Amino acid sequence: MTIHIIGAGLAGCEAAWQLTRRGIPVIFHEMRPGKSDPAHHTALFSELVCSNSLRANNIENAVGLLKEEMRRLDSLILAAADAHQVPAGGALAVDREGFAQAVTAAIRENPLVTLVEEEVTDYSRFAPEDYVITASGPLTSGALSEAIQQLVKKDYFHFFDAAAPIVTVDSLDQEKVYKASRYDKGEAAYYNCPFTKEEYIRFWQELCRAETAPVKDFEHNVFEACMPIEEMALRGEDTMRFGPLKPVGLPDPRTGEDPYAVVQLRQDNGAGTLYNIVGFQTHLKWPEQKRVFRMIPGLENAEFVRYGVMHKNSYLNSPLLLNPDYSLRERPHFYFAGQMTGVEGYVESAASGLAAGIYAARAMAGKPPVLFPRETAIGALSHYISNPEVKHFQPMNINFGLIAPWDGPRIRGKKEKNAAIAARSLKFLEIVKNNLHD
């Protein structure tokens, strides 16, 4: 009896880590560098292809709570992220290369991991008694996608993701940009580009008429949580100002007042030489990105080291297919993890791999399942993706709406209520940890 993991992304690496620390050898299948996809640029494991941010770090935020749960379960991904953190205010952002190198080293140097650099195209290659965790990600190759469709006997679904542009810090106009974090949370980690009303209107108009790359038929279903900035602009003059360009809590120190709109730049590498344009996932042609984005105050002479790109993401209709332990209902030796299950985001993907690895380890050892309850963020995610009552399934980030409702005394403030839910979650997590030791 052997366990195979397909895909060395966040979920696959986390699953392998959880299995091997329980003494279970893993055969790890990864098609890169022999074969790559449109988004990845290195041969490193867990390469971050969009933002370098793992989002909020405080437990009053649902993703911050999810991180804390993962830390308490000895997460490889969180350990690497914490070790390679770059300034981002109240968020956890990482040096992409340092983070990926740390994860890669942890897997490659693990004596219980056998790495096979090849593309998996057929599940019939695995023995009937073998376990398989498929964590090939939203950019699963065509051949493996076909194999998955044959395995689950269900239609595949698609959504879209996009990568934001990155600029050099030296090319910013320091006379126009200023450093601050919203409401002065944490250190002044973001460069902010303030718009006057007139500047914003001109920018919005040019963004609306900018030329995009040709869109294929499958690209029309845009996933709301990662919407291209030009799609947002087309929804109305003020849509961006209530989204990634909202100016509240970011007063310009030169005027003491909030700008009409503001674009934020977040540090993208440990040296602080590269910054990504927050919320500017885009499908614009590259010359148009250079033309239009240089209309942002402070970016008139911006040097783009990476332009934004669009790529196809795929996910399963998991509520019809998966159990709460991420295994297939019809073939429980087969597990899925990562964004293809319908969890959205870096942290959520890694969390699903963590849970799948723990669940598979118990199953292989002949132990009864110990499920994370919905009171925990990890359990809330698995409940969402496996709940057959979800009729219109779409990928979802972790949020307090997915976690079991607060059942204690009434709490008035939102932050205070979230803190109470988080404290309850961590108590439930300790119970699960104790039960996992049997």
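Colleague: Take helix 11, residues 414–436. Which of its residues are buried, and what do they pack against? At what angle do helix 2 and helix 11 pack? Then move on to the surroundings.

Modeller: A caution to begin with: this is a predicted model.

Start with the helix itself. Helix 11 runs over residues 414–436 and has 23 residues. From first C-alpha to last, helix 11 reaches 33 Å. That is close to the 33 Å expected at 1.5 Å a residue.

Now the burial pattern. The buried residues of helix 11 are N418, A420, I421, A422, R424, S425, L426, L429, V432 and L436. An α-helix has 3.6 residues a turn, so residues three or four places apart point the same way. The partners of the buried residues in helix 11 are helix 2 (62–72) and helix 9 (346–364).

Take the helix 2 side next. Two packed helices are described by the angle between their axes and the distance between the axes. For helix 2 and helix 11, the angle is about 25 degrees and the axes are 11 Å apart. Angles under 35 degrees count as roughly parallel, so helix 2 is roughly parallel to helix 11. The crossing of helix 2 past helix 11 is right-handed.

The residues in that contact come from both helices. Helix 2 brings L65, E68, E69 and R72. Helix 11 brings A422, S425, L426, L429, E430 and K433. By class, this contact has four nonpolar, one polar and five charged residues.

V370 is in the loop between helix 9 and helix 10. Its relative accessible area is 11%, so V370 is buried. Leaving aside neighbours within four places in sequence, V370 is in contact with Y359, R362, V432, N435 and L436.

The buried ones are A377, I378, G379, A380, L381, S382, Y384, I385 and S386. The cover over these residues includes helix 2 and helix 9. Helix 2 and helix 9 are also what the buried residues of helix 11 pack against.

I385 is among the contacts of T341. T341 lies in the loop between strand 16 (334–336) and helix 9. At 0% relative accessibility, T341 counts as buried. Not counting residues up to four places away in sequence, T341 also touches L316, S318, L322, Y326, F336 and F393.

Back to helix 2, and the loop that joins it to helix 3. D74 lies in that loop, between helix 2 and helix 3 (76–83). D74 has a positive phi of about 60 degrees although it is not a glycine. Most residues other than glycine have a negative phi. At 33% relative accessibility, D74 counts as partly exposed.

Y183 also has a positive phi of about 60 degrees without being a glycine. Y183 sits in the loop between strand 10 (178–180) and strand 11 (190–195). Its relative accessibility is 56%, so Y183 counts as exposed.

The axes of helix 1 (residues 10–20) and helix 4 (residues 96–108) come within 10 Å and cross at roughly 40 degrees. That makes helix 1 oblique to helix 4. Helix 1 passes helix 4 in a left-handed crossing. In this contact, L10, C13, A16 and W17 of helix 1 meet F99, V103, A106 and I107 of helix 4. By class, the contact has eight nonpolar, no polar and no charged residues. For helix 2 with helix 11, the classes were four nonpolar, one polar and five charged.

Technical notes. Residues numbered from 1 in each chain as written. Predicted model: local features only at pLDDT ≥ 70, side-chain atom pairs only at ≥ 80, totals over all residues. Heavy atoms only, no water. Helix = DSSP H or I, 4+ residues; strand = E, 2+ residues; numbered from the N terminus. Expected span 1.5 Å × (residues − 1). Buried < 20%, exposed > 50% of the residue type's maximum accessible area, 1.4 Å probe, protein only. Contact = heavy atoms within 4.5 Å. Axes fitted to C-alpha atoms, helices over the stretch in contact; angles between N-to-C directions. Parallel < 35°, antiparallel > 145°, perpendicular 65-115°, else oblique. Left-handed = near helix turned anticlockwise from the far one by under 90°. Nonpolar A, V, L, I, M, F, W, Y, C, P; charged D, E, K, R; others polar.
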